[in-house]
Amino acid sequence: MRFHYHRAMPDLLTLDCAGRPLCLDRPRIMGVLNVTPDSFSDGGRFHEPETAVAHARAMVDAGADIIDVGGESTRPGSEPVSVEEELRRVIPVLTALRAELAVPLSIDTSKPEVMRSAVAAGAGLINDVNGLRAPGALPAAAESGAAICVMHMQGTPRSMQREPRYHDVVGEVRAFLAERASTLRGTGVPASRIVLDPGFGFGKTLEHNVALFRGLPELMSLGYPVLVGVSRKSMLGAILGGRPVGGRIMGSAVAAALAAGYGAQIVRVHDVAATADALAVQVALGRTMGRPTT
Ligand SMILES: Nc1nc2ncc(COP(=O)(O)OP(=O)(O)O)nc2c(=O)[nH]1
């Protein structure tokens, strides 16, 4: 059975990361580098620039195509970090990574000041879990020249998991992402700089996350690359019968392969080697709904 190429999908095979292109001819791996003391699964492990750079290099060696540097935890119930503190955490790491690594770098932030400084320090993609909703975030991202990953979140990290509610989670998330993409395009940002992300675990119950995952083809039909981040998240813990964070590597790798099978172009993960294996098998044996089969 031939899978028809998404007509809505532009012939977009390269994400423009401000001079470091990310080719989307196959599923790509975004390696997570949390430079925080309190991230939900690896907080504090890479707090120092030296250890952060060493971990980033190891992720690239294991198959990461882009490194996502984050200075503020967005786990449920997390407290915001000041601009100054976030800059203190991420800028030295971005500066060192820019000099050491050839892959594109991403900054995981919602603050326009951090976006601007991070791009100046070498970030080629702005990853905003807040969907550019902070004052000044949209122009900062648009003017940066970097690629932009816009993610859906209901509420804020502090409150989002209290009582997530949707009438039609896939339809509502799709509409939000469509509006964000259209608004960015209206500022002159080309499609080649836009990535969309449904935001698994950000103001969603397990049922919402499952519906969104199975609804990925509807997000793909918007015609932009889709990024999926479920690595080590509590939705997998629930699916695995309450499995703690440290026991979710296999589940995360399987989910990454399934996301790629639905056509997601980028997966954001902590465990790069396991994910690289899972994606290699998926590409070799699986269906790729977002791309022609021959
Ligand atoms: N685009 C995108 N960015 C994200 N950033 C952080 C997290 C949360 O995971 P992690 O960074 O491991 O935890 P923390 O926020 O506690 O640092 N998830 C996503 C995601 O799903 N998509």
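A polar contact here is a pair of N or O atoms within 3.5 Å; within protein, one must be able to donate a hydrogen and the other to accept it, and sequence neighbours count only through side-chain atoms on both sides. The model is predicted, so local features need pLDDT of at least 70 and side-chain atom pairs pLDDT 80 or more, while totals for chains, interfaces and linings use all residues. Numbering starts from 1 along each chain as its sequence is written, and side-chain values use heavy atoms, leaving out hydrogens and water.

**Exercise 1.** Work out which polar side chains touch the ligand, and how much of the ligand is buried.

*Solution.* 
- Start with the ligand's oxygen: a polar side-chain atom of Asn34 sits 3.4 Å from an oxygen atom of the ligand.
- Now nitrogen: an N or O atom in the Asp108 side chain is 2.8 Å from a ligand nitrogen, and a polar side-chain atom of Asn127 is 2.7 Å from a nitrogen atom of the ligand.
- Then cover: of the 480 Å² that the ligand exposes alone, the protein buries 98% (Shrake-Rupley areas, 1.4 Å probe).

**Exercise 2.** Find a salt bridge (Lys or Arg side-chain nitrogen within 4 Å of an Asp or Glu carboxyl oxygen) and say what it links.

*Solution.* 
- Search everything: the whole structure has 15 salt bridges.
- Pick one: Lys111 and Glu86 pair up at 2.4 Å, N to O.
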